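This report goes through selected local features of one protein model. The sequence and structure come first.

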Amino acid sequence: MFRSLTLYNYRAWFFGALISNIGAWMQSTALAWIVLTVLTENDAGAVGINMALQFGPQLLLVPISGLIADKFDRRKILLMTQTSLGLLAVALAAITVTGVVELWMVQIFAFAFGVTQAIDAPARQAFVSQLVGRKFLPNAVALNSASFHGARLIGPAVAGVSIAIVGPGWVFALNALTFAAMIIALLAMRTDELEPSPRGAKGFGDIVQGLKYVRRRDDILIVMLMAVLLGTFGLNFQIFISTMTLEFDADAEVFGVLSSAMAVGSVTGALLSARSERPKYSVIIGGIGLFAVGIAAAAWAPNLILFAVTLAVVGFFAQMFMTNANSMVQLSTAPEMRGRVMALYSAVFMGGTPIGAPLVGYVANELGARWGVMVASIATVIGFAFGLIWWIKARRAERMTRTGTLTVAPVVDQDTRN
C-alpha cells in the first residue's frame, strides 16, 4: 500500500504536501465561511462566484500552463508557484486581521490564487511520474490523494475551531506558514534520482499537438467527459456543506466537522486505491455512478448525523473515481505529452467550476440548499450513463478483436483495461 514511500524523493514530497494541504483546507474552509457569513448575508451565490474566480483560470490558461509544464523544469516551476501562493496567503491574512477586508478584495485574491494554481496543477501532477516512475505511479497518485484528503480531516476541523476562537484572518496566516513545508521538500530533493522527463514542447505551436493527441484518444476523452461533469457540478462542497450547515441551523464549528466527515470517506477511498497496482475503468465508471446515489442521499438527509454519514460515503466514491481517473490519464499518455494532457485534464476537472459553482449557488438560493446538492446528483448520473455506454462498446470491440471479427485495435489500453 505504501510502496512509493520507500523512495526518498517521494517521502519528502508526501510529507511536505501533507502539511501544505492541511493549510490549504484550513484556508478553503475559512474563505467560504467569511464570504457566506461575514461579507454577505448568507449569499450562496457569492460563494459560487468566489469559487468561479478561483478555478476559472485553470480553464482559461490550460494552453499556457500545459506548455510550461512540458517545456520547463517542473521542480523549479513548483518552487515558484508554491512561493507565490504563500505570499498571497500572507497578504490575505494581513487585510483580514486588520479588518479592512471587503468582498471585492477577497474576489481579487481568489482570482490570483486561481492563476497561480493553474500553473501549479499540471506541473505538480506530471512531476509525480518523475518522482516514482511508471511502475509506482498508480500507488503514488493514490497516496497523494490520501494526503490531500487526510489533510481534509484535520484542516476544516481546525479552521472551524480557529474561526470561532481567533477569527478567519489568523487561519489564513497559518496557511501561509504551511507553504514552507512544500518549499523545503522541493529544495531537499535528490535531483539525480528524479526520472528524466522528455521536453515535449518547444513553443506555442506545440499547444495544438496536445489537443490533437487527446482528440484521437476515445479512452481519455470519456474519462475527461465524466470528470468535467463531476468537477463542474459535483465537487462544489464549499457550497453544499456551508448551505446545508445553515439548513440545519448549525455554526462554523459544525461546518468544519462536516467537511472532515467527508474526508474520512475520501481517505478510505484513496488508501483502497493505493492497494491496486493499476487503475480500472470499472472503478472509474462505478465510482461516479455510486457518487450520484450518495450525493442524492446527502441532499435529503433528515438530520446532521445522517448528513455527515452520507458525506463520508460520497467522499469515498468521489475519491475512487478521482484517483483511478488521474492514474488512467497519466499512464495512458506519452511522457512527452503528459504536461499538456494533465493541464487539459485539470482544466476540464476543475475549470468547469466557473459555470457550476454560480449555478449551484443560484439553485441553493432560489430552491433551497437540498436542491443545490441535487444538481450534483443529476449531473453525475448523466456522466455515469455516458461512461457505461462507452465501456460496454469498448469491451464488445475488444472481444470482437480477440475473435478476429475486427482488425482494428480496441480503444482500451492493454495495460489499463478492466
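## Helix α9

Helix α9 (residues 237–247) is mostly covered, with nine of its eleven residues buried. Helices here are DSSP runs of H or I with at least four residues, and strands are runs of E with at least two, numbered from the N terminus. Buried means under 20% relative accessible area, exposed over 50%, and partly exposed in between (1.4 Å probe, protein chains only). The buried residues of α9 include Phe237, Ile239, Phe240, Ile241 and Met244. Gln238, Ser242, Thr243 and Thr245 are also among the buried residues of α9. Just after α9, Asp249 takes a positive phi of about 55°.

## Basis of the values

This is a predicted model, in which local features need pLDDT of at least 70 and side-chain atom pairs count only at pLDDT 80 or more, while totals for chains, interfaces and linings use all residues. Residues are numbered from 1 along each chain as its sequence is written, and side-chain values use heavy atoms, with hydrogens and water left out.

## Salt bridges

A search of the whole structure finds four salt bridges. The criterion is a side-chain nitrogen of Lys or Arg within 4 Å of a carboxyl oxygen of Asp or Glu. One of them joins the side chains of Arg370 and Glu247, at 3.7 Å from N to O. Arg370 lies in helix α15 and Glu247 in helix α9, so this pair ties together parts that are 123 residues apart in sequence. Arg370 is buried at 16% relative accessible area, whereas Glu247 is partly exposed at 40%.

Arg124 and Asp120 form a salt bridge at 2.7 Å, N to O. Both residues lie in helix α5, four residues apart, which is about one turn of the helix. Arg124 counts as partly exposed at 33% relative accessibility, and Asp120 counts as buried at 2%. In the salt bridge of Arg217 with Asp219, the closest N and O atoms are 2.8 Å apart. Arg217 is buried at 17% relative accessibility, and Asp219 is buried at 2%.

## Aromatic contacts

Nine aromatic pairs are found in a search of the whole structure. Trp300 and Trp371 make an edge-to-face pair, 5.3 Å centre to centre with 80° between the planes. Rings of Phe, Tyr and Trp (its six-membered ring) pair if their centres lie within 6.5 Å; planes under 30 degrees apart count as stacked, over 60 as edge-to-face and the rest as tilted. The pair links distant parts of the chain, 71 residues apart: Trp300 is in the loop between α11 (281–299) and α12 (304–331), and Trp371 is in helix α15 (residues 369–402). Trp300 counts as partly exposed at 42% relative accessibility, and Trp371 counts as partly exposed at 42%. Phe316 and Phe317 have ring centres 5.1 Å apart and planes at 85°, so the pair is edge-to-face.

Tyr10, Phe14 and Phe15 form one aromatic cluster. The charged end of Arg190 sits over the ring of Tyr8, 3.8 Å from its centre. For this, NZ of Lys or CZ of Arg must be within 6 Å of the ring centre and within 35 degrees of the ring normal.

## A buried asparagine

Asn50 lies in helix α2 (residues 44–60) and is buried, with a relative accessible area of 5%. Leaving out residues up to four places away in sequence, Asn50 touches Leu31, Val35, Val106, Gln107 and Ala110. Contact means heavy atoms within 4.5 Å.
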